[in-house]
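Look at the structure first, then read the points.

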Amino acid sequence: RAARPRRDLRGGMEAASATSSRTSSGVPSTSVASSGTMTTVSRVGGMETRWWRDATSGAAAGMVSVLALHPLDVIKTRLQVQDGVDRRAAAYRGTVHAFRTVARQEGARGFYAGVVPAVVGSTVSWGVYFTCYNNAKARYRRARDLEHLPSHLHLASAAEAGLVVSLATNPIWVVKTRLQLQKKTSQSDAANAGVRGGTAVRPYRGFVDGLAQIARNEGIAGLYKGLGPSVFLVSHGALQFAAYERLRAWRTKRETTDITTTTEQNGPATVPPSAFECAWLGVASKLFASTVTYPSQVVRARMQQRERSVGVRLDGKQNAGSGSAPNAPLYRGFFSSLRDIIRREGASGLYKGMVPNVLRTLPSSGVTFMVYESVRSFLGEDDEARRR
């Protein structure tokens, strides 16, 4: 009698790792599991079905995660763009000081600056991501006549999806970054701030107005500022996936020294890490990938911020927009910006805002996983899951 298939606990946590693997802008990265409940394409009788369930679950999870943790994203972005060398003269002298300053000067609304494009971008990103990821995997299966794709083709499919998402959503993230950096000023300040060549530039009134102003004043190039770092950040998920697989293999090896299971057909089999252990392995791999790729997030934020000639003031002391220091360089390109940051601020400049980023990453994994599984369960399991 054939042994009853046993559901692998790591599948659900790989789902959490994959679902929560997004860059600071909300763009899904390439960390995807090759097995378990995260499978976005279930094959029943050779047919691909119910991919929309994972797309809907991922979009809902991303939206709830953004709403819950947006204040940390605002603080992170404002710390990232502070390019002054003297920390004592900065508008925000650290994470705690930034929270206090925003609460005192702007109130609760300040913590949700740019929340509309954040929610829209996150929801659109996951919808586009899962659709493209599903199609890429199906194409590889047909081209190679494979039932199950190897890990490198999962990563290739996810990379393709990440590139498409970056191209489709970059304008949304540009507006989100600028709205997060925008602080309301008095009418006199707004009239005096942001003057270049005798022309004052008014702040954005919202998401749609921001898109319209950027398109009208800066053209397509303005809507795609920071695209280079965004494309590079597609590697974030690949790094997380590789680290997670190594950590899981290490933990599984330790388990097999004490515990093994036996199936009638396959003989001895290893026991995967528990769900709790997989959660911590996912967090560890996420922290590793974030540390390696975080400098590109800083560069992207500085490239996407509005130029210093706008009516946006973060400290009320200087006519500088988006937190830039006087005589700071204009961030035009990825590598030139990286070089300027290192030259002026040292390596520490590449990790500004890292603390709120980490604080946002850790609960994000839990929130996203919880919502993802809840929505997925509400929408119902597919035939493959019911047969388990």
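A salt bridge is a side-chain nitrogen of Lys or Arg within 4 Å of a carboxyl oxygen of Asp or Glu. Asp73, Lys76 and Lys176 are linked in a network of such bridges. This is a predicted model, in which local features need pLDDT of at least 70, side-chain atom pairs count only at pLDDT 80 or more, and totals for chains, interfaces and linings use all residues. Residues are numbered from 1 along each chain as its sequence is written, and side-chain values use heavy atoms, leaving out hydrogens and water.

**Salt bridges**
- The whole structure holds 11 salt bridges.
- Glutamate 106 and arginine 78 form one of them, at 2.6 Å from N to O.
- Glutamate 106 lies in helix 3 (residues 95-106) and arginine 78 in helix 2, so the pair ties together parts that are 28 residues apart in sequence; helices are DSSP runs (H or I, at least four residues), numbered from the N terminus.
- Arginine 78 counts as buried because its relative accessibility is 1%; buried means under 20% relative accessible area, exposed over 50%, and partly exposed in between (1.4 Å probe, protein chains only).
- Glutamate 345 also has a salt bridge to lysine 352, at 2.8 Å from N to O.

**A bent helix**
- Helix 6 (residues 151-181) has a kink of about 55° at threonine 169, shortly before proline 171; the bend is the angle between axes fitted to the seven residues ending at a residue and the seven starting there.

**Partly exposed leucine**
- Leucine 67 lies in helix 2 (residues 51-80).
- Leucine 67 counts as partly exposed because its relative accessibility is 40%.

Terms used
Helix = DSSP H or I, 4+ residues; strand = E, 2+ residues; numbered from the N terminus.
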